[in-house]
Amino acid sequence: MGSTTQDLLRLATAGSVDDGKSTLVGRLLYDTKSVLADTLDAVHRASVDKGLSTPDLSLLVDGLRSEREQGITIDVAYRYFATPKRSFVLADTPGHVQYTRNTVTGASTAQLAVLLVDARKGVLEQTRRHAAVLALLGVPRLVLAVNKIDLVDYDEAGFEVIAKEFTDHATALGYPVGSVLSIPVSALVGDNVVDRSTRTPWYVGPTLLEHLETVPVEPDPHDAPFRFPVQYVIRTNTAEHTDYRGYAGQIAAGTVRPGDEIVVLPSGQRSTVARIDTPTGELAEAEAGRSVTLVLTDEIDVSRGDLIAEVSGAPVAVDEFDATVAWLSDKPLRPGARVLVKHGARTVQAVVPELTSRFDEQRLTTVPAPDSLSLNEIGRVIVRTAEPLPVDDYAVNRRTGAFLVIDAADGSTLAAGLVGAGLQALSANPDDNGGATTATPTAGDLVSPGP
Amino acid sequence: MATGNTTLTSLRTQPLDALARLESEAIHIFREVAGEFDRPVILFSGGKDSTVLLHLAVKAFWPAPVPFPLLHVDTGHNLDEVIRFRDHTVARYGLRLVVANVQDYIDDGRLEERPDGTRNPLQTVPLLDGITSNRFDAVFGGGRRDEERARAKERIFSLRNSFGQWEPRRQRPELWNLYNGRHRAGEHVRVFPLSNWTELDVWRYIKREAIELPSIYFAHRRAVFQRDGMWLTAGPWFGPRPGEPVRELTVRYRTVGDGSCTGAVLSEAATLDEVIAEVSASRLTERGATRADDRLSEAAMEDRKREGYF
């Protein structure tokens, strides 16, 4: 039985079709003994039905009937496993159809991503695109799993070529060298996934699981300026709680203490934190990631959607801002589109008057003033909102710099929005270089991690 | 310097561990739904997951009462202990309970008893009628993604059409902790605050928070008979057939469900610590061990979800 105070690592996987990702995830679950007897029995039975002599571990994770029929993965699936050192929430993102959509979904909360490549094929177009999307979303750490190493006779030189090519690409995207690790694995045979392989004596680094267990988990940004989106106003009037009025939410950034001076945005009213309430007692201090209820000293007007921030370093509420969007809908985005924007706990009407540029993840360049953004495309846009929003730059805060673009007509989610450039490669002004700008590698300039 | 550091450390709250993060996430989800929907409801069966769900809801809105009613789809095949626990819990928190009775549907002919006597598949219609007639627009369930492979792909906010159906290919991307609850009239959203919890997390949380549960979750002596590898108990649903001898054994239940198809497991785990030790060591998943309805086919759960089941 593991300790009950272990921490949690959220990770995402990404890879192209046939890289063996389902098998790798199946292997992680199988070798960490996260697969229970009846599930395994079902996989054994299904493998025999398919005429296989060894269990097909990918069957552990291919969930839907149509996926099993077609032998492909359709949607992001969440997996859970734990070792005595850590608990893991794994977002398993499929590689072929709608890969940007799925990768964005899986990566938005990830603290680490495992990218797969086939050792026989090396770094592909899709590998580069995936890495760009992961960098854009600010996933702080990458692992390149060079899979099927058994099929290239455990060739060290080939592995080194792939590792170097990938590391160079990741560095160009802004990843510091120490945040990227390449590991030679065979998901099918089990080399270096959980157990160290004797067939790669030239590899001295950790196995995949060892790395996942020991890689530093970036804490929530508790040193950042305090940010608290108000989700709900709790009111009651009982003998014990006379005219109670508390503001419920989850701390998005920073730390709060009773006595802190705060400002409510967008109204700009000021007050002081009187108490931090929880059902098990008042807290002397609460930090990012915690769901609490704040009671203020003054009776001021605060409602759902407002942002409570510390007075020093408070964001400015703006009704027009520059943003990066990953377009996730079949309906393309065109200039002048009317949409809804959900930021924190507030949803407002908005218009996108202008598409500034479209990002080419292959060449790490931008194409100025596109006519539209289609499914799986990433671009810079101007967003104008009907009411001012207290946004932060996504590069500073992954929580308060993120927003959803929602279709006002049918309610579907159209895009993932990031305030500002999101990615270095996108921040370059396309006019500087005749319309195409290549990213310049700068280590240590990646967006901060967040919950 | 050393003294200064000590003072600073003692002022800091504990960093959030895995369970505290899961709790914070679930509370965040409850508050989002309260803020965005008009008529939410919590599905409550008296089982451990829905009891944890209710506990989290209480924490999310404290010191105000939970601003939602509860809905129980009662198959009529429940163990007495569970129904007593359900009513006791509802009264303790001063909440309103809506019960949709499968028996009513059978009595007036809207549903037909199945030849095998199991009633879990019959829950879908009363559930959807209960949602529609009460105009519930958000329905909280205790489903977890670790339970089953189809569930592993379901979003925390799961949009259902006016027939309550889940359409896996039309799921919305779920980004950061920004949940999109927009839906058209007649549609509703199923919400799963425990999505990221495992069975072991649920048990550890029950222990940490000292949450009361029905007694059937702990080892007790019970008259049972074996069918399809499960230990069933005789009740209003059916009893043993010839060749199925009744034996008194020490058992406990891992899930609460329809008595006709939810089996007990042989267990000596009489305390929370013993249950946690047993769950940690268990080689069978919760559903596989004790739910006949999930065994029907490889894609049993997926099919039932498409039909509007949870």
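This is a predicted model: local features need pLDDT of at least 70, side-chain atom pairs count only at pLDDT 80 or more; totals for chains, interfaces and linings use all residues.
In chain A, seven strands make up an open sheet whose order is 7-15-11-12-14-9-8, and the pairing is antiparallel. Strand 7 (227–229) and strand 8 (232–236) of chain A lie at the edges of this sheet, and because each has a single partner strand, one side of each is left without a neighbour in the sheet. From one strand to the next, the twist averages 40°. Within this sheet, strand 11 (residues 261–265) and strand 12 (residues 269–277) of chain A are paired in the antiparallel sense over four bridges, and Glu261(A) stands opposite Thr272(A) of strand 12.

Chain B holds an open sheet of six strands in the order 3-2-1-4-6-5, with mixed pairing. Here the edges are taken by strand 3 (97–101) and strand 5 (157–160) of chain B, each of which has a single partner strand, so one side of each is left without a neighbour in the sheet. The twist in this sheet averages 30° from one strand to the next. Strand 1 (residues 40–43) and strand 4 (residues 138–140) of chain B run parallel and are joined by three bridges, with Val139(B) in strand 4 as the bridge partner of Val41(B). Helix 6 (residues 124–133) of chain B packs on the sheet, where it touches strand 2 (70–74), strand 3, strand 4 and strand 6 (188–191) of chain B, and its direction makes about 140° with that of strand 3.

The largest nonpolar core contains 195 residues, of which Ala113(A), Leu115(A), Ala145(A) and Val146(A) touch the most other members. Helix 2 (residues 18–36) of chain B supplies the largest share of this core, 10 residues. Leaving aside residues up to four places away in sequence, the contacts of Ala113(A) include Leu11(A), Ala12(A), Leu134(A) and Leu142(A).

Technical notes: Residues are numbered from 1 along each chain as its sequence is written. Chains are lettered from A and ligands numbered from 1 in the order in which they are written. Two strands pair if DSSP finds at least two bridges between them. Helices (H or I, at least four residues) and strands (E, at least two) are DSSP runs, numbered from the N terminus. Axes are lines fitted to C-alpha atoms, for helices over the stretch in contact, and angles run from 0 to 180 degrees between N-to-C directions. A nonpolar core is a set of buried Ala, Val, Leu, Ile, Met, Phe, Trp, Tyr and Cys residues joined through C-beta atoms within 7 Å. A residue is buried if 20 or more other C-beta atoms lie within 10 Å of its own, exposed if 12 or fewer, and partly exposed in between; C-beta atoms are placed from the backbone. Two residues are in contact if their C-beta atoms, placed from the backbone, lie within 7 Å.
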